[in-house]
Amino acid sequence: MSLGLHLSQRLSQVLAPQMQQSLALLQAPTLELKAMVEAELQQNPVLEEISANDLEQQEKTEDGEKSADHLDPAEPPADTNFDPATEKPTDAPVDDFQAEFEKLAQMDQEWRDHFAQTNVPLRSSAEDEERRQHMFDSITVSASLQEALLEQARTSDIGEDEMKIAEAIIGNIDDHGFLKASVEEIAVTLGVTVEEVLGVLKEVQTFDPPGVGARTIQECLLIQLERAGKKKSIEYRIVSEFMEELGKRRIPEIARGLKLEVAAVQEALARIGRLEPRPGRAFLADNQQYVLPEVFVVKNGDDFTVTTNNEHIPHLRISNVYKDLMARSAVDTAQLETTFADSENGHRTALEQAIAAIKGHDETLAIAELKRLAEQPDLVPAQTAAISHAIVQVREKKAFVEARDYIREKIRAGKFLIKSLDQRQHTILNIGKEIVKRQREFMEKGIAFLKPLTMQQVAEVVGVHETTVSRAVSGKYMQTPQGIFEMKYFFTAGIQTSDGGGMMSNTSVKDMVAELFKAEDGAKPLSDQEVVKMLADKGVLIARRTVAKYRGELNILPSNLRKVY
């Protein structure tokens with residue numbers, strides 16, 4: 001093996017940070033997007049959030065084109081096109097921020113039109129934050145199963161010596177309420193006898209919820225029946241003596257073993273079905289996902305109106321303070337000229353020499369010329385103050401230029417964020433409109449009328465790439481007249497119909513399968529092959545394994561386990 005240097009060429013595609021940010025904004029759901037924008041507000045000082053009330057107030061003052069008497073204070077003066085104190089000796093503008101600000105103003109107006117109905121609050125005051133924190137502190141968190149069991153153990157008749165055993169048992173109970181370690185393992189770990197562990201386990205099994213601490217599903221059900229006073233019932237005998245037959249629903253065998261009628265056994269099975277097979281279920285974390293619709297579809301006469309959820313999208317703008325800062329020069333020579341406008345020729349000559357030195361980027365000469373101007377006779381206090389201010393600005397020019405460069409980058413980043421947010425909303429809105437257009441029958445009649453639809457079809461109409469559609473609908477929901485659905489729900493593959501007249505979405509077929517099983521005769525449950533034939537009679541061609549797949553997704557048991565005697 002030898003060491004050496006090697007040269008190689010290769011092509012690789014790397015996304016720029018701004019492009020990565022744009023894709024992340026597009027893919028993020030509303031609540032996640034709001035958190036991302038809030039984080040950006042904390043990092044970028046030039047951005048600020050504007051409320052709907054401020055938008056409405058601004059719109060009242062913006063009646064069409066702006067007149068000279070109603071110029072937007074956020075825009076730089078019309079005569080400020082470049083900074084005479086920069087390092088550029090030519091007459092070319094320092095940068096294109098004048099044009100950029102004009103584009104930004106136009107974008108602000110488009111943004112206001114797009115978010116005219118938003119109701120986004122300003123960043124919270126200290127009092128609002130205190131109320132918000134108090135609300136979060138007031139939220140109660142439910143105790144876990146283990147915490148509830150430990151609390152019951154402390155208030156039970158378990159002694160101090162047995163408490164360690166109880167804590168070990170409770171520590172080995174999983175979230176579903178079952179003891180996962182054997183009594184022998186617990187006994188060896190604690191250095192006690194198996195009988196001692198079994199004695200404490202019996203006590204733990206008297207705790208709530210009923211069935212907790214069981215080692216098997218059979219023991220769990222028996223504990224619940226004992227707690228209910230049904231130790232001598234048919235249900236208890238079935239669970240204790242015919243657990244294997246119960247799992248396979250061999251009802252006739254159970255009836256013969258118990259010497260009972262099949263009807264009596266079925267009634268007992270119905271009562272067993274009301275027991276809790278997972279006693280710890282009530283203590284499980286709430287896994288319910290709360291969603292916020294991204295798109296709203298409302299029927300308006302014979303048509304459907306599609307809108308995006310703008311209420312939770314922060315409306316941003318570039319702070320006027322930083323716009324004004326970018327518009328002014330490092331040294332305010334215009335103020336100097338205004339102050340000396342009515343001065344005598346001697347003052348004017350000295351002023352011109354000082355301004356020439358400032359524009360010549362020679363700070364030492366500029367300060368010397370300003371000091372010489374300050375020594376001129378008959379200066380008024382305003383002129384003296386203007387000269388002193390100019391000297392300070394010349395000395396701080398380097399820091400000012402560095403600060404302005406930093407602000408320039410932040411403004412560009414903020415402007416890109418605003419554009420990305422605006423583009424995100426328009427993209428999602430256009431995709432939503434195309435979905436509604438193609439799934440109109442679903443909007444009017446329901447799931448059975450869902451049509452096959454691919455992301456490629458939508459992408460071609462909207463004018464974006466298929467992957468953009470995929471990102472735009474990822475994790476987002478649409479509120480329709482038929483309920484709230486994930487936007488990906490509307491993109492389904494098609495199944496050919498027998499008449500060759502078109503395709504049906506697999507979601508619609510699955511809904512048909514569910515309806516067939518729902519309407520079946522319990523005494524003669526449908527087999528998968530029978531469902532295939534029934535669908536074929538309706539013009540839907542589907543394989544038996546596909547029916548089995550849909551049945552599994554619908555949590556429907558096989559026919560032999562669904563039979564009612």
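Which residue forms a salt bridge with Glu441? In this predicted model, Glu441 pairs with Lys451, and their closest N and O atoms are 3.4 Å apart. A salt bridge here is a side-chain nitrogen of Lys or Arg within 4 Å of a carboxyl oxygen of Asp or Glu. The two partners belong to distant parts of the chain, with Glu441 in helix α21 and Lys451 in the loop between α21 and α22 (455-462), 10 residues apart.

A quick word on the ground rules. Residues are numbered from 1 along each chain as its sequence is written. Because the model is predicted, local features need pLDDT of at least 70 and side-chain atom pairs count only at pLDDT 80 or more, while totals for chains, interfaces and linings use all residues; side-chain values use heavy atoms, with hydrogens and water left out.

**Salt bridges**

The whole structure holds 20 salt bridges. Here are three of them:

| Pair | Closest N and O atoms |
|---|---|
| Glu235 and Arg271 | 3.1 Å |
| Arg440 and Glu444 | 3.4 Å |
| Glu441 and Lys451 | 3.4 Å |

Glu235 sits in helix α11 (residues 234-241) and Arg271 in helix α14 (residues 262-272), so this pair links parts of the chain 36 residues apart. Helices are DSSP runs of H or I with at least four residues, and strands are E runs of at least two, numbered from the N terminus. Glu235 is buried at 4% relative accessible area, whereas Arg271 is partly exposed at 29%. (Buried means under 20% relative accessible area, exposed over 50%, partly exposed in between, using a 1.4 Å probe and protein chains only.) Lys230 joins Glu235 and Arg271 in a network of salt bridges.

Arg440 and Glu444 are four residues apart in helix α21 (residues 440-445), so about one helical turn separates them. Both are partly exposed, Arg440 at 30% and Glu444 at 35%.

**A strand hairpin**

Strands β2 (residues 295-300) and β3 run antiparallel, joined by six bridges; strands pair if DSSP finds at least two bridges between them. Val298, for one, has Thr305 as its bridge partner in β3. The two strands form a hairpin with two residues between them, and Gly301 in the turn has a positive phi of about 70°. On β3 (residues 303-308), Phe304, Val306 and Thr308 make up the covered face, while Asp303, Thr305 and Thr307 lie on the uncovered one. In a regular strand, side chains alternate between the two faces of the sheet.

**Across the chain**

Gln43, in helix α2 (residues 30-43), is exposed at 53%. Its C-alpha atom is 9.4 Å from that of Lys410, 367 residues away along the chain.
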